[in-house]
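Please open the model in your viewer and keep the selection panel at hand. The tour below moves from stop to stop, saying what to select and what is there.

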Amino acid sequence: MRIGMPMAYSGGFAETVGELVDYERAGLDIVFVPEAYSFDSVSQLGYLAARTSTVAIASGILNIYSRTPSLLAMTAAGLDYVSGGRFSLGIGASGPQVVEGFHGVPYDAPLARTREVAEICRKVWRREPLVHAGPRYHLPLGREHGGSGAGKALKLINHPVRARVPMVLAALGPKNVALAAELFEGWEPIFYHPEGARAAFGDALAEGTARRAADLPPLDIVVDTQVALTENPDERAAAEQQVREHLALYIGGMGAKGKNFYNDLAGRYGFEEAAAAIQRLFLDGRKAEAAAAVPDALVRGVSLIGPPGWVKERVAAFAESGATTLNAKPLAATHERRVRDVATLKELSA
């Protein structure tokens, strides 16, 4: 199992990258750089490529709305080049709060757009003349679709390091999960609960896998989690509180009532009543109570917090459920302990 780590995307990035070399020495396999409405992640990924030598780098994620498919492909080919073939293109639909609120473009047809983006990106990397006629994207853009008629079917000037840059789709809904299993090298679910994974994702994964092309490798299931190895009960409680508050923010506050993907996921894991209570409390401004309403079983199920023996059992549960990459955020109070936890997690996952 690979060990990954998400990078912070708000403030202190240069210092964080300076520390990343220690994680690289500790055996970290891949680092993911998010992009919400912060600094763009592409410039930071280029900086990472220059400062590291072995760790793989990935966008985690670039949304499919604020860049054209061709630009996503160009960006991925460029990052793969400057990193010596270490880049993976993580994409996703994000949500209307960011796409419409920050970028000012309509949040529509995420499933159809994702499928077309994947197809266009792979044409670009193969250096084919770019011709695409889909429901959302038309290349070249002709007069019948609002263009001038002067567009030409161009191909990428440069020769990419790889004709196929690995693509990872962040997805939670059944249709998008099925799409990830059908078309992508990797799939990234947030708040992955091994014991609830089959109920939440099993049918969708089976549906997509049945349509998966033979030339694709086995699906890399990249699960987001948080890690803190400790024998100290107070440290364990403090780390679990961080997870609890993080879950409350997403389950309770990410999106409006009835339009919260994370709340829906908690329900599919079997925590419907708790998810409804968390959302009600959070939207009422009672954030501490919302966090307290997050069940212990969910907190401990999605995280890797506790003594090494306990964490080893949880790593085995993740692996048994199908996870192949642990994208684990270290929660320890010091840099030295966070590096140690990553190194130990690497050993426990071997």
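Leaving aside its neighbours within four places in sequence, with which residues is Arg 338 in contact? Before selecting them, note that this is a predicted model, in which local features need pLDDT of at least 70 and side-chain atom pairs count only at pLDDT 80 or more, while totals for chains, interfaces and linings use all residues. Residues are numbered from 1 along each chain as its sequence is written, and side-chain values use heavy atoms, with hydrogens and water left out.

Now select Arg 338, which is found in helix H14 (residues 335–348); helices (H or I, at least four residues) and strands (E, at least two) are DSSP runs, numbered from the N terminus. Apart from neighbours within four places in sequence, Arg 338 is in contact with Glu 19, Tyr 23, Pro 330, Ala 332 and Ala 333, where contact means heavy atoms within 4.5 Å.

Next, select helix H1 (residues 13–25) together with helix H2 (residues 41–51), which pack at an angle of about 35° with their axes 10 Å apart. Axes here are lines fitted to C-alpha atoms, for helices over the stretch in contact, and angles run from 0 to 180 degrees between N-to-C directions. On the H1 side, Phe 13, Ala 14, Val 17, Gly 18, Leu 20 and Val 21 meet Gln 44, Tyr 47, Leu 48 and Arg 51 of H2. The residues of this contact divide into seven nonpolar, two polar and one charged, with Ala, Val, Leu, Ile, Met, Phe, Trp, Tyr, Cys and Pro counted as nonpolar, Asp, Glu, Lys and Arg as charged, and the others, Gly among them, as polar.

For a second pair, select helix H3 (residues 69–82) and helix H5 (residues 110–125), which pack at an angle of about 50° with their axes 8 Å apart. That angle makes H3 oblique to H5, because angles under 35 degrees count as roughly parallel, over 145 as roughly antiparallel, 65 to 115 as roughly perpendicular and the rest as oblique. Pro 69, Ser 70, Leu 72, Ala 73, Ala 76 and Ala 77 in H3 meet Val 117, Ile 120, Cys 121, Val 124 and Trp 125 in H5. The residues of that contact divide into 10 nonpolar, one polar and no charged.

From H5, move on to Arg 127, found in the loop between H5 and strand S6 (132–133). Phe 191, in the loop between strand S9 (186–188) and helix H7 (194–210), has a phi near 50°, a positive value in a residue other than glycine.

Two cis peptide bonds can be visited next: one joins Gly 60 and Ile 61, with omega about 20°, and another runs from Leu 139 to Pro 140, with omega near -10°.

Finish at helix H10 (residues 272–283), where the buried residues include Ala 274, Ile 278 and Phe 282. What covers the buried residues of H10 includes helix H8 (233–253), helix H9 (261–268) and helix H11 (287–292).

Technical notes: Buried means under 20% relative accessible area, exposed over 50%, partly exposed in between (1.4 Å probe, protein chains only).
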